[in-house]
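The following paragraphs give a guided reading of a protein model, to be followed alongside the sequence and the coordinates.

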Amino acid sequence: MNTIERFLNLRIKQFSRSIREIGIPLFFILLIITTGITFRILVFLSEVQRIEMGIISIIIIGSIHFTRDDAHFIKSLTVNQIFLLLTEYSLILLPVSLLMLFLGKIEPAIYWQFGFMPVVFFPMGNLKNNKVAPWLNLDRIPGAFFEIKLGLRKMFFAIILIYLLALGCSFFIGTLILFSIFILMLLPTFFEYFESKEMIVMEYKKGNFLRSKIFNHLFFFQIALFPHFLLFLFYHSEMWYLGLACFVGLSLGIMFNIVYKYASYRPNVPRMFGNSFQGVFLFTLVMPGLVLVSIGMIVYFWHKAKKKLAFYYA
């Protein structure tokens, strides 16, 4: 077995292990789920134009490519790096491609499956290395918003640029959806590091640690994203349900990243290692019919996080 086959086999095993750790019973929900949001997504895929799918493909794969932290490992492999990335990213997009082919959308499926290709010629992990402007005093942000401070410190300029670009393109019906997917892809980088024990103890003693954490971050993110939702309703009020789907998806994404972070918490360990569950969760959000699985994962890791924090600090 050559290096590329071993690498892809590793990815498949990571995904399979994540599914087993989540619990197979959760996925039986797929047999009974049929929601209005799912129907709307299927309608969108059945009516989408080819250029729209190409743009979505570039944004999704670009979000992965420019924020991945295994660039050094991939460069160390004795294989053609571009071919390896093309293969890996193509497998990620394949399920939606098959769904679109089933719906008879052949050209959009081709744009979706291959539109991302220019991304692989850019250096990996660029957004991981950005530094915030020295004149911006992030120390004013309260300790309860540790993750917000961390994310802005690492990717301030990239976030501001894309934020303003999305505002300027609000007249395009797909902008809010693309921007929401970008935020969902970016969220794990906000939550990959743990606070010091002293910071956690101080907040934990106030009570309702997880609930307060979730409320504070939902409030911050949704206030920041409010102009995008407002402009979407201004330009596309008849498609209000897509705005609602983005709002719900982003809220679930924020909740999941918080509970997953503390479910993985260990004192004296500075950061989380591995993001397989985050990839599975994102998959459940963007694939039709899996919203209840997303909620199930949040509930599961909520209870796990409460037990983990109570074990160390109760």
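Which helices each supply at least two residues of the nonpolar patch? In this predicted model, the helices in question are helix H3 (50–67), helix H5 (81–102) and helix H6 (106–114). The patch lies on the surface and consists of Ile51, Ile55, Leu91, Leu94, Leu98, Leu101, Ile106, Ile110, Tyr111, Phe114 and Met117. Together these residues present about 980 Å² of accessible area. One of them, Leu101, is located in helix H5. Leu101 counts as partly exposed because its relative accessibility is 44%, a value that falls between the limits of 20% for buried and 50% for exposed.

Read from the N terminus, the order of elements is accordingly α-α-α-α-α-α-α-α-α-α-α-α-α. The protein has 314 residues, of which 47% count as buried. Its accessible surface amounts to about 16600 Å², with 69% belonging to carbon and sulfur atoms. When contacts between residues at least 6 apart in sequence are considered, 79% of them join residues at least 24 apart.

The interior may be considered next. In soluble globular proteins, nonpolar side chains tend to be buried together. Here the largest nonpolar core contains 73 residues. Phe256, Tyr262, Phe301 and Leu309 are the residues with the most contacts inside this core. If residues up to four places away in sequence are not counted, Phe301 touches Phe256, Val259, Tyr260, Ala263 and Phe277.

Individual positions show how separate stretches of the chain are brought together. Phe190 lies in helix H8 and is buried, since its relative accessible area is 7%, under the 20% limit. Apart from neighbours within four places in sequence, Phe190 is in contact with Glu147, Ile148, Leu150, Gly151, Leu152, Met155, Ile159 and Phe221. The C-alpha atoms of Phe190 and Lys149 are 8.4 Å apart, although 41 residues separate the two in sequence.

Ile173 occupies the loop between helix H7 (146–168) and helix H8 (175–190). With a relative accessible area of 26%, Ile173 is partly exposed. Beyond its neighbours within four places in sequence, Ile173 is in contact with Phe232, His236 and Met239. A C-alpha separation of 8.0 Å is found between Ile173 and Tyr235, which are 62 residues apart along the chain. In helix H12, Thr284 is buried, with a relative accessible area of 0%. The C-alpha atoms of Thr284 and Ile295, eleven residues apart along the chain, lie 9.5 Å from one another.

The aromatic rings complete the picture. A pair of aromatic rings is described by the distance of the centres and the angle of the planes. The structure contains 16 aromatic pairs. One of these, formed by Phe215 and Phe219, is stacked, with 6.5 Å from centre to centre and 20 degrees between the planes. Because they are four residues apart in helix H10 (residues 209–235), Phe215 and Phe219 are separated by about one helical turn. Phe215 and Phe219 are both exposed.

Why is the pair of Tyr265 and Tyr312 edge-to-face? The ring planes stand at 85 degrees, with the centres 5.8 Å apart, and planes over 60 degrees apart count as edge-to-face. This pair links distant parts of the chain, its members being 47 residues apart. Tyr265 is in the loop between helix H11 (240–263) and helix H12 (276–286), whereas Tyr312 is in helix H13 (residues 291–313). Tyr265 is buried, with a relative accessible area of 2%, while Tyr312 counts as partly exposed at 33% relative accessibility. Ring pairs join Tyr265 and Tyr312 with Phe194 and Phe311 in a cluster.

Conventions. Residues numbered from 1 in each chain as written. Predicted model: local features only at pLDDT ≥ 70, side-chain atom pairs only at ≥ 80, totals over all residues. Heavy atoms only, no water. Buried < 20%, exposed > 50% of the residue type's maximum accessible area, 1.4 Å probe, protein only. Contact = heavy atoms within 4.5 Å. Areas by Shrake-Rupley, 256 points an atom, 1.4 Å probe, with all protein chains shown as cover. Phe/Tyr/Trp six-rings, centres within 6.5 Å; stacked < 30°, edge-to-face > 60°. Patch = residues over 30% accessible without salt bridge, like charges linked within 9 Å, V, L, I, M, F, W, Y side chains within 5 Å. Salt bridge = Lys/Arg side-chain N within 4 Å of Asp/Glu carboxyl O. Core = buried A, V, L, I, M, F, W, Y, C linked by side-chain atoms within 4.5 Å.
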